[in-house]
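Dear colleague,

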Amino acid sequence: MSRFEPREIEPKWQSAWEEAGTFTAVRDEAKPKYYVLEMFPYPSGNLHMGHVRNYTMGDVVARYKASKGFSVLHPMGWDAFGLPAENAAMDKNIHPGAWTYQNIESMKSQFAALGLSLDWSREFATCDPEYYGQQQSMFIDFMEKGLVYRKNAVVNWDPVDMTVLANEQVEDGKGWRSGAPVERRELTQWFFKISDFSEELLEALDGLDNWPDKVKLMQRNWIGKSRGLQFAFSTIDAPEGFDRIEVYTTRPDTLNGASFVGISPDHPLAKALEKDNPELAAFCAECRKMGTSEEEMEKAEKKGFDTGLRVRHPFDTAWELPIYVANFILMDYGTGAIFGCPAHDQRDFEFATKYDLPINAVFTETDAEDAPLAEAFVPAKTEAVKFVRGFAGEDVQTGEQAIDAAVDFCESNGIGQGVTKFRLRDWGLSRQRYWGCPIPVIHCDDCGVVAEKKENLPVKLPDDVNFDKPGNPLDRHPTWRNCECPKCGKPALRETDTMDTFVDSSWYFARFTSPGCATPTDATEAEYWMNVDQYIGGVEHAILHLLYSRFFARAMQICGHLPPKAVEPFDALFTQGMVTHEIYQTRDENNRPVYHLPTDVEDGKLKATGEAVEIIPSAKMSKSKKNVVDPVSIVSTYGADTARWFVLSDSPPERDVEWTAAGAEASYKHLSRVWRVANDIATAEGEGTGDDDLLRAMHKAIHDVTMGIESFGFNTSVAKLYGYANALQKSKAGAATKRQAMMVMAQLMSPMTPHLSEEIWALLGGEGLIANAPWPIADEAMLVEDTVTMPIQINGKRKSEVSIPKDMPKEEVEKLALADDAVVKALNGGAPKKLIVVPGRIINVVI
RNA sequence: GCCCGCGUGGUGGAAUGGUAGACACAGGGGACUUAAAAUCCCUAGGCAGGAAUGCCGUGCCGGUUCGAAUCCGGCCGCGGGUACCA
C-alpha cells in the first residue's frame, strides 16, 4: 500500500484543478450565484496562521457551495498601499512599490500551496494604477455629487522629523523615530461626507439579519445617535462676540444640577481668552501637546482652567456658573462646550471634586433621601428615579421621560431646542504620504481647487522618489507637482495628499465583479455577482472598514457604479476570531521596545545573542509587534491538508485561538489513518455484517457535517468526521457498503482537505473531480432513532435513566419514571410535588 | 476613560434552558516487535472510597427557574475597537 504523501498528491491535484479551470468564476444566468469573500490581506510578505484560518474558512464555504450547485465567485487580491512599505523603504532602502510587489509574489506562492479554490484570474493589487485610477475617477464623481469637501483638522506632528505621524507611531506622546514630543497641528484636509448618511447607516443595520449582533451594536454605538437640548448660556463680561455660549446636552433634565461650564481648548472663546492670559495660554498649549486619539484624550487626567468668566443659569439669572477650559472636551463633538453636572456624570464628579465645585443631586433612587454623594449616581435612562431638583414632568419618572419633559419645557419657554446629533464624524481621508492613491485634484491660483480631467487618469505616483529623509516625498519631488490647470490651462500644482488606505478597501469587493473593466464596475457583472453572499474577516474590522464600505456602496450607487440592491454590499458577515501569540520584546539604547519574531527566539532568549526577551502575553498577531508565525513550515512538513484540517479543528471559528505547534502532528496522523482505511477498502471484497449500522452512521455524518458547515461550526464538523472515521474503521460491513461510506467521507472532507479527498475519490473509482461532485444528501429516514435514553433527574440532579421507545406517550413515561428504583427510593412512599417530562429530553421528579 | 466581546479538565474545546466535559491533544496502562518507530486496544474533571457510590465542579458573588455553562444583575480577569496600523 502506498503511503500518504501530501508532497506528491497536493501539487498533482492543484494542477488538475488549474487545467480544468475548476475555480474560474463563470457568470451563468441559469445557475444561482454565490459570492464568498474573505477580507483581502496586506502583502506583508509572509502568510501567517491568521490568514490560513481566514482563507481556509472561506474555502470551505466556497467549495461547499460549489458542490451545492452554485456558480461561485471566490476572488483574491491585495490591500497593497500603506505605511509598512514606506517603513521598509526607510529601513532597507528599497522602493515601496518594489517591496510590495516582491511581497505579493512571495505570498502568492505561499497561497498556492494551500490549495484554495480561488479564481486568480481576477487578482489585483490596490496599488496597481489600473485600480487606483478607477478610484480616482470615483473620487471625482463623489466631488461632483457633493460627497467630498475640505476643512481643517488636527494631525500628530513630529517637529524633529517634520512629518505627520499615525497614532500608532506616537508612543507616550513622542514620535517613534525622533523621540520628540508630538505636537498637534492643523492642516487643510479632504473629507468624505459620511455624516450625511448617519441616519441611514444606522437604520439599515436593522436589515442586516445575517450580521453578528455584536457588530451591529458596535456600529450603532459608533454612529451614536442622541437626542438632546441645544441652548445658550449668556455670559457676563465676556469678550466681544461671546455674549452667548452654545452648549449641547443629552441630559437637559439635570440642568438644575449644573455647577460649571466646560469648553474645549480649541473653542473660539478659549482661543480668544488665551491671547491676553499667559497662564491660560500655557494650559491650552499643554492640552494641545496631547495626541489626537480619543483613547489618549479620555485616559488622560481630567484637568481644567478657570477662565474667571461666568455665565448665568437659564432658569435663574442670579445663579452664576464658572467657565472652565477643560482638556477632555472635544471641539469635534456637539458644540465644543458642555455644562457639567457632577452628581450624575462620573467625569464631571471627579472634575468638581478636584476644583471644589458644588455637587447637587437632581434625582435620587425612588426610596432614598437627598444626601451627599460619594460618587456620581448614573442609573439607566429606563429606570424610574425621584426628582428632587426637577423642573418638568412628574416627581418620579424615568430618565427618558424626564429628558423629553425637559426638552418640551425648554422649547416652550424659549430656552433651547431639542436636537438630534450623531457621534459619527466625517471621514478624513487625506494622508501626507507617498504610498497611497493620489488625490486627483489640482490647485490653481486662478481657479482654486479643480478636479483632474478623467482622461488624464490615473494620476500615477512618480517612481523616482527617495526616503532618505522623513516626510512626504511627493511634496519635495522636483517636478511631479507641476501640471496644467484642467480648467484654464495655466501652470498649477497637484495635490500631494494621498488617500487613506481604507478607501482602497471600501470598494474592492465591487471591483472583483469586473476587475479589468475600464470603468470602476460593469453594470451587468455587478448586477449578477453582487452582493457578497458571505463575507469573512476579523472582528477588528467591525467598525471602520465595514462602516466605510457601507458608505462607499451608497456613494457608488449615487454615482451609478453599483445597483440599488448593493447599498448593503455584504449580505452575511462572519467575524472570525484572531490568531494570537506571545510578543517577544527587548529594549534599545533609548529604552524603546524592539520586537522579535518567534523564530528568532528560543527558551526565552534571542538565538543570535542569547539576550533574554521580555514575554508579553498573547495578543493579536501583528506585523509591527512581530508576533507572527510562519505556516509555511507546517505546510512543507505535513502538507496543506493537514494545515487546513488543523486550523479548522478544535477552536470555534469566531473565537480567538492561541497558535500552538502541538496538534499539527495529530492532524497529520488522522489524515494518514483515513488514507490507510481508504486503501484497505479499495482492495476489500465480499460481504460483512452491520451494513445498516454503517449506513446510519453515514447519513448521520452527512447531516451533522452539513449542519456544521452551514452554521460556521467547522470545529464541530471536524469532530463529527473524527467520529465517523472511528465508526468506519471499526465497521465489519461488506466491501460495497464500506466503499460507499468512504466515498461519502471523502466528499464530506473535501471542503477541508480537498487534495486527500480527490485522491481517495480517484482511488475508489469516483467519477470526475470530487470538486465537481454534488454534495451528498442525508436520508431523513436513516436519521431517526427508534429508542431514546431519557435521563431521570430528582430535584434537577441526574440520578438515573430509562430507555424508551421514541414515541411513547407522556403518561406511560411518567409511570415508568415513578417506577424507577432511584425514584422509588427517593420518594420513600410519598408522592412527588411535581413531575416534568420533556419528550425526548428529560424527566425531572420534584420532591 | 468609553463601546463590544470572551472566561468550561493538564491543554484546545462540546453542550446556547434539559445527562457538563462530545471530539481531539498531552498523560497513564497494555498488545504487536529482538528493539524502536508506526499502528491498535484500554484508561482518564477533582476529592473520598477496594468497589458500589457519594460529594464538589463551567472566573467570582447574587438572582430567575422544576432544572442555569447557557437567562438577568453586580464584580474580577483577558482580548478587540477608540476615527492616521491594516
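Are Tyr434 and Phe467 buried or exposed? Both Tyr434 and Phe467 are buried (buried means under 20% relative accessible area, exposed over 50% and partly exposed in between, with a 1.4 Å probe and protein chains only).

This is a predicted model, in which local features need pLDDT of at least 70 and side-chain atom pairs count only at pLDDT 80 or more, while totals for chains, interfaces and linings use all residues. Residues are numbered from 1 along each chain as its sequence is written, chains are lettered from A and ligands numbered from 1 in the order in which they are written, and side-chain values use heavy atoms, without hydrogens and water.

Rings of Phe, Tyr and Trp (its six-membered ring) pair if their centres lie within 6.5 Å; planes under 30 degrees apart count as stacked, over 60 as edge-to-face and the rest as tilted. By this rule there are 54 aromatic pairs. In one of them, the ring centres of Tyr55 and Phe111 are 5.1 Å apart and the planes stand at 50°, so this pair is tilted. Tyr55 is buried, with a relative accessible area of 2%, and Phe111 is buried at 1%. For Tyr434 and Phe467, the centres are 5.6 Å apart and the planes at 75°, so that pair is edge-to-face.

One aromatic cluster includes Phe139, Trp190, Trp427 and Tyr548.

Charges also sit over rings (NZ of Lys or CZ of Arg within 6 Å of the ring centre and within 35 degrees of the ring normal). Lys193 lies over the face of Tyr149, 5.9 Å from the ring centre, and Arg423 over that of Trp222, at 4.4 Å.

Yours sincerely
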